[in-house]
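Me: I am new to reading protein models, and I would like to work through one slowly, asking about its parts in turn.

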Amino acid sequence: MPDTVSSLSIADSRTYSISELAREFGITPRALRFYEDKDMLHPARDGMTRVYSHRDRARVKIIVRLKRLGLPLADIREILDLYGLEDGQRAQMRMSLVKFQNQIKELESQREDIEMALQELHRGIEWLDEQLARVGPGKDEAESLKAYDAVARRQLNDA
């Protein structure tokens with residue numbers, strides 16, 4: 001039976017390169033450097049090489065998930081900054097709850113806007129189709145139709 005404490009400490013001591021984390025989370029190394037510039041990640045250095053810890057990996061995982069939900073980086077950073085408090089992550093969870101509720105409202109509003117835009121576009125297409133059918137083909141279209149018709153008739157006659 002494996003020693004749980006030893007297994008956890010081995011996992012905690014594992015390090016990752018910038019390319020490993022980028023590949024794992026489907027982001028670019030440039031994105032990781034950007035998050036570092038925004039003080040969201042704090043990799044160690046081995047000369048010029050960034051060395052990411054298990055904690056950095058967990059933070060990248062949170063950043064990627066919250067970005068996919070559409071949260072702004074400032075909100076994500078606020079959530080990450082609360083991680084170190086010794087309160088059983090209550091403050092982080094409370095803030096996350098508020099940010100998630102606000103994001104739901106924002107996304108629902110955007111969905112309504114998108115649905116209205118789609119309805120307008122469908123109505124516009126319908127109207128344009130009707131107008132084009134009413135006015136008939138233009139000179140260029142009529143010539144193209146005649147040329148197509150001539151080619152099609154030739155092919156039928158040759159068959």
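What follows is a set of questions and answers about this predicted model.

Me: Which helix gives the most residues to the lining of the largest pocket?
Reply: The largest pocket has a volume of about 160 Å³, and its lining is made up of Ile62, Arg65, Leu66, Leu69, Ile79, Gln89, Gln92, Met93, Ser96 and Phe100. The elements that give two or more residues to this lining are helix H4, which covers 54-68, and helix H6, which covers 90-135. The one that gives the most, with four residues, is H6.

Me: At roughly what angle do the axes of H4 and helix H5 cross?
Reply: The residues of H4 in this contact are Arg59, Ile62, Ile63, Leu66 and Lys67, and they meet Leu73, Ile76, Ile79, Leu80 and Asp81 of H5. By class, the residues of the contact are seven nonpolar and three charged, with no polar ones. The crossing of H4 and H5 is right-handed. The two axes, with H5 spanning residues 73-81, come within 10 Å, and the angle at which they cross is roughly 145°.

Me: Is Ile63 buried or exposed?
Reply: Ile63 is found in helix H4, and, leaving aside its neighbours within four places in sequence, it is in contact with Tyr35, Met40, Leu41, Ile76 and Leu80. A residue counts as buried when its relative accessible area is under 20%. Because the relative accessibility of Ile63 is 0%, this residue counts as buried.

Me: How far apart are the axes of helix H2 and H4?
Reply: In this second packing of H4, Leu21, Glu24 and Phe25 of H2 meet Arg57, Val60, Lys61, Val64 and Arg68 of H4, and the contact has four nonpolar and four charged residues but no polar ones. H2 passes H4 in a right-handed crossing. H2, which spans residues 18-25, packs with H4 at an angle of about 35°, and their axes are apart by 11 Å.

Me: What is the phi of Asp39?
Reply: Asp39 is found in the loop between helix H3, which covers 29-37, and strand S1, which covers 44-46. Its relative accessibility is 34%, so Asp39 counts as partly exposed. Most residues other than glycine have a negative phi. Asp39 is not a glycine, and yet its phi is positive, at about 65°.

Me: Which residues does Gln103 contact, leaving aside its neighbours within four places in sequence?
Reply: Gln103 lies in helix H6, and it counts as buried because its relative accessibility is 13%. Once the neighbours within four places in sequence are left aside, the residues in contact with Gln103 are Leu69, Gly70 and Leu71.

Me: How far apart in space are Leu107 and Leu69, C-alpha to C-alpha?
Reply: Leu107 is found in helix H6, and at 41% relative accessibility it counts as partly exposed. Although Leu107 and Leu69 are 38 residues apart in sequence, their separation in space, C-alpha to C-alpha, is 9.3 Å.

Note on methods. Residues numbered from 1 in each chain as written. Predicted model: local features only at pLDDT ≥ 70, side-chain atom pairs only at ≥ 80, totals over all residues. Heavy atoms only, no water. 1 Å grid on protein atoms, 1.4 Å probe; cavity = no way out; pocket = protein on both sides within 12 Å on 5 of 7 lines; lining within 4 Å. Points joined across faces, edges and corners; volume = space filled by probe spheres on them. Axes fitted to C-alpha atoms, helices over the stretch in contact; angles between N-to-C directions. Left-handed = near helix turned anticlockwise from the far one by under 90°. Contact = heavy atoms within 4.5 Å. Nonpolar A, V, L, I, M, F, W, Y, C, P; charged D, E, K, R; others polar. Buried < 20%, exposed > 50% of the residue type's maximum accessible area, 1.4 Å probe, protein only.
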